[in-house]
Amino acid sequence: MLTETTTVLPRRRRTPLALGLVLGLVALGLAVVASIAVGAKGLPPSTVLDALLHHDPADPDHLIIWEVRIPRTLIGLLAGAALGLAGVIIQGVTRNPLADPGILGVNAGASLCIVVAISLAGIDSMTGYVWFAFLGAALAAILVYGIGSLGRDRATPLKIALTGAACEAAFRSLTTGILVTDNATYEQFRFWQVGSLAGRDSAVVTQALPFLIAGFVLALASPRILNGLALGDDVARGLGQNVAAGRALSAVAVVVLCGTATAMAGPIAFVGLVVPHAARLITGPDHRWLLPYSMVLAPLVLLAADIIGRLVAQPGELQVGIVTAAIGAPVFIALVRRKRVRG
Amino acid sequence: MSAVVTVQRRTARRTAIVTAVLAVAVLAVFLLALSIGDFPIAVPDVVRTLFGGGTVRDDYIVLRLRLPRALAGLLVGLAFGLSGALFQRLLRNPLASPDVIGVTAGSSLAAVLCLVTFGVTGVIVPAAALAGGLLTSVVIYVLAWRRGVTGHRLVLVGIGIAALAASAMSYFLTRSDVRIATQALVWITGSFARVGWAEVRMAGVFLVVLVPAAVLLGRTLSVLQLGDDAAMALGVRVERVRLGLLALAAALCGVATSVGGPIAFVAFLSGPIATRILRTGRPGLASSALVGALITLLADFAAQHLLSGTHQLPVGVVTGAVGAPYLLYLLATANRGART
């Protein structure tokens, strides 16, 4: 997979890459504006600009923008960035091109914990979900990686993917076990489960922000570790890195990022899988570029998917999780067919 | 040489004894399911009723109310056990079972579409589920085909398809009234509560064809186990036999799912449990099928009588609650041996 050593990039590659990143940011800015403007009630850019600059609480258009569209866009931005970074790290640490929080059972673990919270503890707000989503994501990640890396040949892609799928099946059957006996919990849960940016409170953003910042800092500090791990544990150790500490730190970053993103938007599969691959096509294997690129491209994809979902099913809308799965699953299968995945 | 023969003979005798014991246990649980309920009927009376000599009351309770459900449990369990063992041996992976690699996900999606979107019920739902499962299997096989099909590619493609189906399912579930959605949720968890004679008859007709075919073609499994080259040298048309067995396994799984829903872990765990009892290192087909039937009948018995009053759990919840911890234990030990 990652065979090239790129500790020092030649200067002539650095400029186009930086330009590309700026271009990505511009595209992301356009997506943000589109996400605020497009919806059940189309608003012209002038109104959007007006609402942003001179907020008038009496104007219903401004109310839509501030109460509905902006929180939604913010959640898309943050959750997207978190999923993109988590995807790069999880693929780098496990040296597994097919790793993704959705496939590895992390989302299912978060779901199970949230159902338990709704059903037993009577938690009914998005702000309350966050903690339980965290706990579930962390436990699931530890369990899947722990079980998947037992054995002589360590964590191969197939073993991790199978363990993830098996644990997911286990979590899901426990989740449905609670849901079929508890109608009220199911009524709440099914709308969280589908993965959506809509209907989330802006308080969720404030609550998640400290965790996200911690996760972003950890993630953006990790390219050296990830570049080292890509060369194999022995080489990384030879380069003077503390491999075990690096792995543990990256794992913490993944759990924090995935847990927060899942808590905010519900289980969204495949963004964390597809975006790092797309970014790698542009940047090559160097994580110092791969991480920022994924951090910009993933929210772009998520916001685009959300806008598509709003447009194709009018007057209703397709939840973003459905759109990303519809785009992501074919890409996943194409990857399986193309790569010589280690069995 | 004589030592080998002795070991072979001992394994054969053990297999025969274990299979016989399992068959007796399945029969015992089957009769128990017919005899216990709101109106208990003694086992001798149940047997007499089955052979046509019961009272009017016993006839009604045993033949009309309890027999379809017990038969459904028996047939579905047999089919799931057989299908799981076939998949696990063909893909040479103890963790590759139809509920992991997306075959049952296709059935569930078709059933959810019927129940939620088109609002139909009755025999159309199992028929659609069967069609959905078979169609999904074909899609998975075609997508995994690249100059032949390797086990791990099939598994990974199946996981992708399963994720896609799951996401489509959760979308359709949000688009309906919560009561209909709950009904669909019970279906995709697996339940025998609605099963009547029509479903049992349909499953019976299919299984009468599929089970003997699987047993006949399954004889080549031990040759396939030697590896493709060795099997070819022994005169087995490897690709064709493997495709035939995969198709049979998918069909068995589809039939089972169409009757009872994708009951979690039955297909997954029957093979490994049979392996452990037999101590042969790989699941025998007959014993896996019997273990599947035993698990399903026991779980449905528990699902009916665990909660007091009118509440009944779907059988899939029981198998899930018992199966999940066992599965994790199994994953831990299977990986330690690195037998993949």
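How much area do chain B and chain A bury between them, and what share of it lies on carbon and sulfur atoms? In this predicted model, the two chains bury about 4,000 Å² between them. Carbon and sulfur atoms carry 73% of that area. The side of chain B that touches chain A draws at least two residues from each of four helices: α5 (124-144), α6 (151-174), α7 (178-189) and α14 (315-336) of chain B. Helix α6(B) gives the most, with 15 residues. By residue type, this side of chain B divides into 32 nonpolar, twelve polar and five charged residues.

The contact involves 49 residues of chain B and 50 residues of chain A. Polar links across the interface were also counted. Two residue pairs are in polar contact between chain B and chain A, both at pLDDT 80 or more.

Within chain A, helix α9 (residues 223-230) is mostly covered. Seven of its eight residues are buried. They are Pro223(A), Ile225(A), Leu226(A), Asn227(A), Gly228(A), Leu229(A) and Ala230(A). These buried residues pack against five helices of chain A: α3 (60-93), α8 (202-220), α10 (233-238), α11 (243-265) and α13 (287-312). Just after α9(A) comes Gly232(A), with a positive phi of about 105 degrees.

Note on methods
Residues are numbered from 1 along each chain as its sequence is written. Chains are lettered from A and ligands numbered from 1 in the order in which they are written. This is a predicted model: local features need pLDDT of at least 70, side-chain atom pairs count only at pLDDT 80 or more; totals for chains, interfaces and linings use all residues. Side-chain values use heavy atoms; hydrogens and water are left out. Contact means heavy atoms within 4.5 Å. Buried area is the accessible area (1.4 Å probe) that two parts lose on being put together, summed over both. A polar contact is a pair of N or O atoms within 3.5 Å; within protein, one must be able to donate a hydrogen and the other to accept it, and residues adjacent in sequence count only if both atoms are side-chain atoms. Ala, Val, Leu, Ile, Met, Phe, Trp, Tyr, Cys and Pro count as nonpolar, Asp, Glu, Lys and Arg as charged, and the others, Gly among them, as polar. Buried means under 20% relative accessible area, exposed over 50%, partly exposed in between (1.4 Å probe, protein chains only).
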